Amino acid sequence: MIKKTLLYFVLLIGAVSFLYPFIWMISASLAPDKEIGSLVLLPSHITFDNYHQLIQKIPVWRALFNSLFVSGLVTLGVLIFGSMTGYALARLEFRGRNLLFYIIIFTMTIPFQITLIPQYIIMVKLHWTDTYLALVVPGLMNAFGIILFRQYFKSVPQDLIDAARLDGCGEFGIIFRVMWPNSVPALVTVGILTFMASWNDVLWPLIVIRDQSLMTMPQLVTLFVVGGRAESQLGVKLASAVLLALPIIIAYMFFQKYFINSASSSGLKG
Amino acid sequence: MAAVKLLNVRKTYDGKEFAVKDISLEIKDKEFVVLVGPSGCGKTTLLRMVAGLEEITEGEIIIGDRVINDVPPKSRNIAMVFQNYALYPHMTIYNNMAFGLKLRKLSRKEIENRVNEAADILGLKDLLNRKPKALSGGQKQRVAVGRAIVRNPEVFLFDEPLSNLDAKLRMQMRAEILKLHQKLKITTIYVTHDQTEAMTMGDMIVVINNGKINQYDTPMEIYKNPVNKFVAGFIGSPPMSFILGKLDLSNGNIFISLDKAVKLSISHLHLTDDFDGKQVWLGVRPEDFRLKQPSEKTLNEEIEVTLDLVEPMGNESFFHFQLAQSNCIARVQTSDRLKTGDKIKMYLMKDHLHLFDYTSERKL
């Protein structure tokens, strides 16, 4: 009994320390300016002033659309190309297959900061800066997706693939009509993790996008908050942070089960 | 409908060792041929080469009058049933059967007709809307067969289709597959490691060992006249007993001595003089050991053995015993109350004995 009480107490402390700042952020963004400093959870009255100001100052809706558009395309790309590559690595016989796989794993160990500049130069040479292409194309494929699909596809029985081949499927048919419907957990895991990574990315958009109408949500919010345009109005800053977090929270509410699964099945933190 | 011809077919995975070594085989139109052999003998590899799932390293495979070496699996007009059914888990039974037809762009009406017809034949009508995981093993296998027959293939390939079923169901499915073959008359190649399936199902049996055909003949012929010790031991259940013996040819008589105590006259066999003094394997089918009744008079030499084990099967019993340091099994009618440890007298049906060369293991 004492043990149990102690356990719940520890869990409670953990939950509060994680949740409090978050809840405070939401309530503070709804509070009148002068109440923000007091760290209370319930403002004396709820006001949307901060949000009104935010919308007037920066093109939030446009940025929200940009983020959804970019993250959506990136996720779709990773699912399609990642599963294709993963399938080839898991199921097709060709010379250099293992070498290729090791190289792909190796790319995971290279910090993004190292490839940042070369990648930027490529974007400039392709005249892709300040276009959606710069945001989408480099993200269409990633090593993590490939590896996860490869592992998952390896566990699909060979007979199933052979049966599909005899039924008249080509390799694409096998991937999209047989492997995909039988790999929903892998698709969801890769989908969620890719979408979140893409959604939260700030550094890359900051480098390749200067046109405000193409900016993604985190980029715009970051520039707004630290770039001085918020004019040290804490409430507006918090409102922008809430809008930034909102889509992920909504997605989490719908896909809670998969979020937890994907975090545990990938061996990564969600 | 089509005949299948394999000409000097070989397969190697690493360029060094051959999994299939120079196999030539002619399967007639409408024939049911069973490829049988121990696991790893190359029979499944051979089947997969016919299906187009494995590349053919050397040689030619001909279906009908078309060399199909470079024809992709989907264009070979064959259908295959797999050991673990390989049904698409995400599709209903109807769609499992219809998938291949949809990919071939048949009209919806035509697909519906064919699937319903196959479902009728196989008794799957009520299951068409279910998913595979709601089916029992036997039902799944029936769907797998159904998926094969809706395609109207020229050749049916079966890869150990009954291995995952329990004994009773296996017998039932065996009969069903045979009936289906009699009805559809489609050339069939059936792979199994189970000699009972081979004996009961095949018009012809191909016994394969170490990537080579050992014997290609009718089941009865293979049972009665196995060409070598491997075939003799592999086909038949319980297996043939092998006893090491020494030949003695003198004055036109042929004797084989199994040990000091047992010497049999086998003068009805034809052997050249140079076999004198040679070691050979004597092969005896279980039913060719006879229990000597006390009143019975026989010209055959008696042998006395001690029963190591008695396996009663109901209508018959299997006796395990040692003869000249070899384990032997006899099949006898059970009217007796013999048990383990009893000493019994037996004799051999000498007309049915098999002799195999000691080194080459070929039949003499």
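How many bridges join β14(B) to strand β20 (residues 354–357) of chain B? Four bridges join them, and the two strands run antiparallel. This is a predicted model, in which local features need pLDDT of at least 70, side-chain atom pairs count only at pLDDT 80 or more, and totals for chains, interfaces and linings use all residues. Residues are numbered from 1 along each chain as its sequence is written, and chains are lettered from A and ligands numbered from 1 in the order in which they are written.

**Chain B overall**

- Chain B has eight helices and 20 strands; helices (H or I, at least four residues) and strands (E, at least two) are DSSP runs, numbered from the N terminus.
- The C-alpha trace of chain B spans about 80 × 45 × 35 Å along its principal axes.
- Of the 364 residues in chain B, 37% count as buried. A residue is buried if 20 or more other C-beta atoms lie within 10 Å of its own, exposed if 12 or fewer, and partly exposed in between, with C-beta atoms placed from the backbone.
- Taking contacts in chain B between residues at least 6 apart in sequence, 66% join residues at least 24 apart. Two residues are in contact if their C-beta atoms, placed from the backbone, lie within 7 Å.

**Five-stranded sheet**

- Five strands of chain B form an open sheet with antiparallel pairing, in the order β13-β12-β11-β14-β20. Two strands pair if DSSP finds at least two bridges between them.
- The edge strands are β13 (263–265) and β20 of chain B, each of which pairs on one side only.
- The twist from one strand to the next averages 40°. For such angles, axes are lines fitted to C-alpha atoms, for helices over the stretch in contact, and angles run from 0 to 180 degrees between N-to-C directions.
- Strand β14 (residues 279–284) of chain B is mostly covered, with five of its six residues buried.
- β14(B) is joined by six bridges to strand β11 (residues 241–250) of chain B, and these two run antiparallel. L244(B) has W281(B) in β14(B) as its bridge partner.
- Towards β20(B), G283(B) has H354(B) as its bridge partner.
- Strand β12 (residues 253–257) of chain B is joined to β13(B) by three bridges, and the two run antiparallel. Here S257(B) stands opposite K263(B).

**Six-stranded sheet**

- Six strands of chain B make an open sheet of mixed pairing, in the order β6-β7-β8-β3-β9-β10.
- Its edge strands are β6 and β10 (212–217) of chain B, each pairing on one side only.
- Neighbouring strands of this sheet are turned by 15° against each other on average, direction ignored.
- Five bridges link β9(B) and β10(B), which run antiparallel; the bridge partner of I208(B) in β10(B) is I213(B).

**N209(B)**

- N209(B) lies in strand β9 (residues 204–209) of chain B.
- N209(B) counts as partly exposed because 19 other C-beta atoms lie within 10 Å.
- Not counting residues up to four places away in sequence, N209(B) touches G37(B), P38(B), C41(B), N214(B) and F230(B).
- From N209(B) to I256(B) the separation is 47 residues in sequence and 29 Å in space, C-alpha to C-alpha.

**Contact between chains A and B**

- The contact takes 13 residues from chain A and 16 residues from chain B.
- On the side of chain B that touches chain A, β6 (78–81) and α2 (93–103) of chain B each supply at least two residues. α2(B) gives the most, with three residues.
- The residues of this side divide into 11 nonpolar, three polar and two charged. Ala, Val, Leu, Ile, Met, Phe, Trp, Tyr, Cys and Pro count as nonpolar, Asp, Glu, Lys and Arg as charged, and the others, Gly among them, as polar.
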